[in-house]
Amino acid sequence: MSDDILINIQVTLAKGDRNGVAKLTKEALDKGLSVKVILEDGLIKSMNAIGEKFKANEIFIPEVLIAAKAMHAGIAVLEPLFAASGIKPTGRVVIGTVKGDLHDIGKNIVSMMLKGACFEVVDLGIDVPPGKFLEIVQTKSPDIIAMSSLLTTSMGAMRETIKVLKESGLRDKVKIIVGGAPITQGFADSIGADSYAKDAATAVDKAKELLKKIPM
Ligand code: B12
């Protein structure tokens, strides 16, 4: 039964039916499925399949975009459940997709999971230039900067951002975590980031570990 609704979510997302995905996501919640299961076995699973088809040239950018919007409609239903909690924020994270990169689905999931773990999240959106990250470190004093990149051509913007922070003398004021499909632990080490996570769930664990390393 629960498998039926998850498959329905996958199929509806692949068709790009935003209203349908939102409705089915609500239905799945009403049926008692957990946010994690709906997210991972419904929405993300379908989006990954879309990615594979895109890679194989079976579908093209417009279809991917339409599916991505349907994915956002599902995430919008789940988000308040992650965020709903009166508990004091664990720490403040500033997150953004780096300059030159417009991909935001993974970044939004990381953001949502962090909110769910009681982090206060400031989301700078997509195509965020190094100067914007710098400005926000100066004005918001976050504990952690989280940078996302999905393109090999935008990975360099992560290095550039860390360089700009170093040059401004602010690098040691903030912990930095990076992620996104082309990012590896080796790359994270090579640019001087403090942490890397391969997925949103691991990102939360790593962010918590980083907080422990911040002197009180
Ligand atoms: C959706 C998509 C798009 C959509 C984006 C819509 C949107 N609002 O995001 C659109 C159609 C706009 C698009 C455009 C392009 N895309 Co595109 N796109 C994808 C696709 C199919 C899926 C990405 C996705 O959302 N995955 C699902 C999410 C959940 O996974 P994720 O992003 O990896 O995130 C997870 C982890 O990586 C991690 N994570 C992510 N961010 C962060 C951050 C931190 C701090 C941490 C800790 C973890 C973390 O946690 C997330 C959740 O678990 C991928 C293929 C793929 N399989 O990845 C190609 C892909 C990324 N795109 C690609 C390309 C080439 C492009 C274009 C250049 C195409 C073109 N010719 O115009 C443009 C670039 C536009 C730009 N300047 O950014 C290539 C990149 C190749 C490369 N290595 O550089 C890919 C890999 C496809 C391919 N195989 O060719 N794309």
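Here are legends for a few close-up views of this predicted model. Local features need pLDDT of at least 70 and side-chain atom pairs count only at pLDDT 80 or more, while totals for chains, interfaces and linings use all residues. Numbering runs from 1 along each chain as its sequence is written, and side-chain values use heavy atoms, with hydrogens and water left out.

**View 1. The largest pocket holds about 1600 Å³ of space.** A pocket here is an open set of points on a 1 Å grid over the protein atoms alone, where a 1.4 Å probe fits and protein sits on both sides within 12 Å along at least five of seven lines; lining residues have an atom within 4 Å of a point. Of its 49 lining residues, His103, Ile105, Gly106, Leu150 and Ala181 come closest to the centre.

**View 2. Helix H3 is the top contributor to the lining of the largest pocket, giving 9 residues.** Helices are DSSP runs (H or I, at least four residues). By class, that lining splits into 33 nonpolar, 8 polar and 8 charged residues.

**View 3. His103 is the cobalt atom's single donor from the protein.** Its NE2 lies 2.3 Å from the cobalt of the ligand; donors are N, O and S atoms within 2.8 Å of the metal (3.2 Å for Na, K and Ca). Look for His103 in the loop between E1 and H5.

**View 4. The second largest pocket has a volume of about 160 Å³.** Its lining includes Asp143, Arg171, Asp172 and Lys173.

Terms used. Points joined across faces, edges and corners; volume = space filled by probe spheres on them. Helix = DSSP H or I, 4+ residues; strand = E, 2+ residues; numbered from the N terminus. Nonpolar A, V, L, I, M, F, W, Y, C, P; charged D, E, K, R; others polar.
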